[in-house]
Amino acid sequence: MALKTAFQDYFKIGAALSGWDMKDEKHLDLVRREYNTFTCENDMKPMFFLDTEKNQADPETYKLNPAVCFDSAIPYLEFAKENGIAMRGHTLTWHNQTPKWFYYENYNEEGELADKQTMLTRLDNYIHSVLDFVQTRYPGIIYAWDVVNEAIDEGDFRKSTWYQICGKDFLFRAFESARKYAAPGVKLFYNDYETALDWKRDLIINEILIPLKERGLVDGMGMQSHLLMDHPDLGEYKKALEMYGALGLEVQITELDMHNADPSEESMHQLALRYKEFFRIYVDAKKNKTANITAVTFWNLVDEFTWLTFFRKETSYPLLFHKDCEPKEAYFKVLETVE
Ligand code: GLA
């Protein structure tokens, strides 16, 4: 049975797709068969939407309302539309994969950083342009957005350029703008990694989710969940999931994978068993109403294309499929959680 069918009473199941997947019919068939949601791995990030040439050629015209170009997203939106698959939007505001020039006066990184008012206005207009485009051209396709990604680091708000210029206001403005421009029913998420660490979990809850929720600006918490074989601890992870769930927000597992550099049968068996334990947590949380999980998205499709091999500088085997989209033991173990 396909993943999307097996888990249909619980949550959507998805994967992150890249330009490589879009060119590979086997990969696209796998998506059509197994998943009912997907995320663009990269192609909807600010570095792809912000038009370098146009903004820099005419900063006077664009200084408050950045020029944008959505070509990178169109193949994904078309694929979603043709196949009736829902999409998560990722990501409107992030310190990474945002061009450096975007933060500067006249979009000139040799000069001065732009002031707070300018940046908050650019952010508002950028979010307006993105949402307007997807909602006008592809209505109903994107059901959730990661409005802000990874704002917490080292025990505090991350000292990103966004923070340096705007303080915490960049985060609140991003959610205000997203709420203002998002179509009714489109869910707004805060997304981060290592969300089971107690200090990080508490900061996210107290400094981000509760203040946003009080103002009706957030609908869900995104737990990225780039797992290791021995981290995080299952109990800590379950506790964090339930604490996010207790806020009355949706929870989505947004970037699930499990780094493992040993492809031996025994090691892949351990990977399968650990995946099963995580899925047991997800299904139980949903059944027992301790966290309203609405989607679980794997980060990439097949081992051969995982970002982890680059990130960890060693070949990784972290997913449910490999080679020509063949299912691994982990695929069958995950399915066992709903048998
Ligand atoms: C983070 C981001 C993702 C992606 C991964 C690496 O988790 O949220 O968009 O860049 O890193 O692929």
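Visitor: Let me start with Cys325: is this residue buried or exposed?

Guide: Buried means under 20% relative accessible area. Cys325 comes out at 10%, so the residue counts as buried. Keep in mind as we go that this is a predicted model.

Visitor: Where does Cys325 sit, and what is its phi?

Guide: Look in the loop between β12 (321-322) and β13 (326-327) for Cys325. Its phi is near 65°, a positive value in a residue other than glycine.

Visitor: Which other residue has a positive phi although it is not a glycine?

Guide: Ser225 does, with phi at about 70°. That residue belongs to the loop between β8 (220-223) and β9. Ser225 is also buried, because its relative accessibility is 5%.

Visitor: Now the peptide bonds. What does omega tell me about the bond from His90 to Thr91?

Guide: Omega there is near 0°, and the bond from His90 to Thr91 is cis. Thr91 is part of strand β3, which covers residues 86-94.

Visitor: Which residues does the cis bond with omega of about -5° join?

Guide: That one joins His231 and Pro232. Pro232 is found in the loop between β9 (226-228) and α12 (234-245).

Visitor: What are the distances from ligand oxygen atoms to the side chains of His90, His226 and Trp299?

Guide: For His90, a side-chain N or O atom is 2.5 Å from an oxygen atom of the ligand. With Trp299, the distance from a side-chain N or O atom to a ligand oxygen is 3.0 Å. For His226, a polar side-chain atom and a ligand oxygen are 3.3 Å apart.

Visitor: How much of the ligand's accessible area does the protein cover?

Guide: On its own the ligand has 300 Å² of accessible area, and the protein covers 89% of that. As for the pocket list, the space the ligand takes is the largest pocket.

Visitor: What about the nonpolar core: which members touch the most others?

Guide: General idea to begin with: in soluble globular proteins, nonpolar side chains tend to be buried together. In this model, the largest nonpolar core has 111 residues, and the members that touch the most others are Phe7, Leu171, Tyr190, Leu209, Phe279 and Tyr282. Helix α13 (residues 265-287) supplies the largest share of this core, 10 residues. Another core, of five residues, lies apart from it and includes Ala86, Ala144, Phe189 and Ala295.

Visitor: How do I read sequence separation against distance in space, say for Phe38 and Arg88?

Guide: Phe38 and Arg88 are 50 residues apart in sequence, and their C-alpha atoms are 6.2 Å apart in space. Phe38 lies in strand β2 (residues 37-40). With a relative accessible area of 0%, Phe38 is buried.

Visitor: And what are the two numbers for Ala178 and Leu131?

Guide: They are 47 residues apart in sequence, with 7.8 Å between the C-alpha atoms. Ala178 belongs to helix α10 (residues 169-181) and is buried, at a relative accessible area of 0%. Tyr107 sits in the loop between β3 and α8 (116-137) and is buried at 1%.

Visitor: What is the C-alpha distance between Arg32 and Ser225?

Guide: That distance is 24 Å, for a pair 193 residues apart in sequence. Arg32 is in helix α3 (residues 25-34). Its relative accessible area is 28%, so Arg32 counts as partly exposed.

Visitor: One more, Thr337: what does its side chain reach?

Guide: The side chain of Thr337 reaches the backbone oxygen of Val334, at 2.5 Å. Thr337 lies in the segment after α15 (329-336), and with 5% relative accessible area this residue is buried.

Technical notes. Residues numbered from 1 in each chain as written. Predicted model: local features only at pLDDT ≥ 70, side-chain atom pairs only at ≥ 80, totals over all residues. Heavy atoms only, no water. Core = buried A, V, L, I, M, F, W, Y, C linked by side-chain atoms within 4.5 Å. Buried < 20%, exposed > 50% of the residue type's maximum accessible area, 1.4 Å probe, protein only. Helix = DSSP H or I, 4+ residues; strand = E, 2+ residues; numbered from the N terminus. Polar contact = N/O pair within 3.5 Å; in protein donor to acceptor, adjacent residues only side chain to side chain. Areas by Shrake-Rupley, 256 points an atom, 1.4 Å probe, with all protein chains shown as cover. 1 Å grid on protein atoms, 1.4 Å probe; cavity = no way out; pocket = protein on both sides within 12 Å on 5 of 7 lines; lining within 4 Å. Sits in = over half its atoms within 2 Å of the grid points.
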